[in-house]
Amino acid sequence: MTTRRHFVIPGLIVAALSLIWDLLVALVLHIPPGYATTTAADQTVTSQVFAIIAGDAGMAVVVFGLYFTLLFGRHDRPAEMGLPGRAARSNVPLQAAWIGASVVLVMFAAGFGVVELEGQTAPALVVPAQALAAGAQKDPLIVQVIGQQWQFTYRYPQYGGFETQQLRIPTGRLIQFDVTSLDVTHSFWAYQLGIKIDANQGVNNVGYTYVTKPTVIDVRCGELCGLWHGYMTNVGSQAGEALTPSAFASWLSYAKAVYGPEEKNLPKFALTYYPEPLQYGS
Amino acid sequence: MSTGRKLLIVVSSLLVGAVALGVYVVFWLSYNPQSITAPTSTNSSGQVSTHLFLATTGSIDYGTHPDWVAYLIRQDGKWVSSTVWQVPAHSTIHVTIWEYDSQTGLRNPFISMVRGTVGGVVEENGKAIKYMNPNFPAHSFSVPDLGLNVPLEGITQASYPADLTNPHNTHVTITFSFKTGAPETVQWQCFVPCAAGYLYGNGGPMQTIGYMDGYLKIV
């Protein structure tokens, strides 16, 4: 009875703390990247599951550790408790429970992780299932993302090939990102979309997204690329956005009026651009 | 080796690491580069104007990297090597740049368009321009967070055939104005791959504050 009490008390404490933590993770805390796309939502759910498991397991270790340390580690502990650790070393059920719980946790993490990883090939490789279901794969909007030290610019080849500093995409349409770089390796990280695609010079990396609701899109560089890497963002006034189709059409008209005249200076659209000029410096 | 000795080495190493980390964090938190405050003047109607008088040169001829390309700022009648400048918030900043360097050309021709200036134009030797041939810039003055981009045309023999030894003939004068918003510190940079001898023209002075990059402190 006494032994059982020493498991029930910390067990109840762990259960109470875990419940609070689980509710915080599931309902209150922002677990990245959010729910703007099905890809992002998948990642968020995965992160929530692992945050809950890690939090609960960590809580159990800390609470049981503190409880037993404070109770059995005292110099004036009752003599019937015996020497510290002796009871645990000879307690087969306790050891079996410890090993069993660890195995279950590890196997669940491995199995869940593998299944989720297989199901989350959408970010950079395949068309999201939601877009396929909507038949959106027939008419993707191609947006070329060009990384350079230190900003991202975007070209819209289906609309004359103009280039902008702001990312604008429509909702309800499959978006195909063609990502390249003019210099070093960057990484196009569209936070809310849950995608991160490397931008390499001379290489065209393709990724897809499908957004159902208007949202702000923060774009960051995910690859350390030099002095101003930390400033290589599109946030605030430069933020990207997913717009309703009508708002996107309005923005296209505006952008073509502003940036269209510059098209004559731009190179013909290509999947990659070898950097020009070939001689640098004066 | 005794256990006590091992323990001493481990604890000492941890202490040294912790102190080094602490020093780095304190340095990082307190990093506040010296800035040069752009001079202001007030006209008869009380309007305050701020003026940034800058120059770009192919080699700074000063300091640890005298052959590096650099920006300079005019202060009290002298050219000063600094790229951290302070300007007032919610103001119009009038900029004059004397561009002394030769043409390099842009890697991304998109930068050849003037953006973010008052009126959407700059004056180059008194002539208003909105676009530039992407092969002509020697440098650019760009503040991405403010949406500001100004390509700076490089000098050529063809442009100034009269006498290249005359300093008054060997620079292009660019003037423009831009507006600042709320107080913040933003980075500015040159987008032309002008760092001769470095990877993609973007190393050395392009990666070092004090040459072709800096901060604009809006206060």
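**View 1. Chain B as a whole.** In chain B, 37% of the 219 residues count as buried. Keep in mind that this is a predicted model. The chain is built from one helix and 14 strands. Its C-alpha atoms take up a box of roughly 80 × 45 × 35 Å along the principal axes. The radius of gyration of chain B comes out at 22 Å, while a compact globule of 219 residues would have one near 17 Å. Look at contacts between residues at least 6 apart in the sequence of chain B, and 68% of them join residues at least 24 apart.

**View 2. Where chain B meets chain A.** How many residues does each chain put into the contact? Chain B supplies 28 residues and chain A supplies 24 residues. On the chain B side, these split into 12 nonpolar, 13 polar and three charged residues.

**View 3. Chain A as a whole.** Chain A holds six helices and 12 strands. Of its 282 residues, 25% count as buried. For chain A contacts between residues at least 6 apart in sequence, 70% link residues at least 24 apart.

**View 4. Helix α2 of chain A.** This helix covers residues 38-72 of chain A. With 35 residues, α2(A) stretches 50 Å from its first C-alpha to its last, close to the 51 Å expected at 1.5 Å a residue. Which residues of the helix are buried? They are Thr39(A), Ala40(A), Gln43(A) and Val63(A).

**View 5. Zooming in on Asp42(A).** Asp42(A) sits in helix α2 of chain A. Is Asp42(A) buried or partly exposed? Asp42(A) counts as partly exposed because it has 18 C-beta neighbours inside 10 Å, and a buried residue needs 20 or more. Also in this view is Leu117(A), 75 residues away from Asp42(A) in sequence, with 9.8 Å between the two C-alpha atoms.

**View 6. A four-stranded sheet in chain A.** The sheet is open, and its four strands line up in the order β7-β6-β10-β11 (chain A), with antiparallel pairing. At the edges are β7 (195-199) and β11 (233-234) of chain A, and each of them pairs on one side only.

**View 7. The β6 and β10 pair in chain A.** Strand β6 (residues 186-190) of chain A and strand β10 (residues 219-221) of chain A run antiparallel, and three bridges join them.

Key
Residues numbered from 1 in each chain as written. Chains lettered and ligands numbered in written order. Predicted model: local features only at pLDDT ≥ 70, side-chain atom pairs only at ≥ 80, totals over all residues. Contact = placed C-beta atoms within 7 Å. Nonpolar A, V, L, I, M, F, W, Y, C, P; charged D, E, K, R; others polar. Pairing = 2+ DSSP bridges. Helix = DSSP H or I, 4+ residues; strand = E, 2+ residues; numbered from the N terminus. Buried ≥ 20, exposed ≤ 12 C-beta atoms within 10 Å, placed from the backbone. Expected span 1.5 Å × (residues − 1). Rg over C-alpha atoms; globule rule 2.2 N^0.38 Å.
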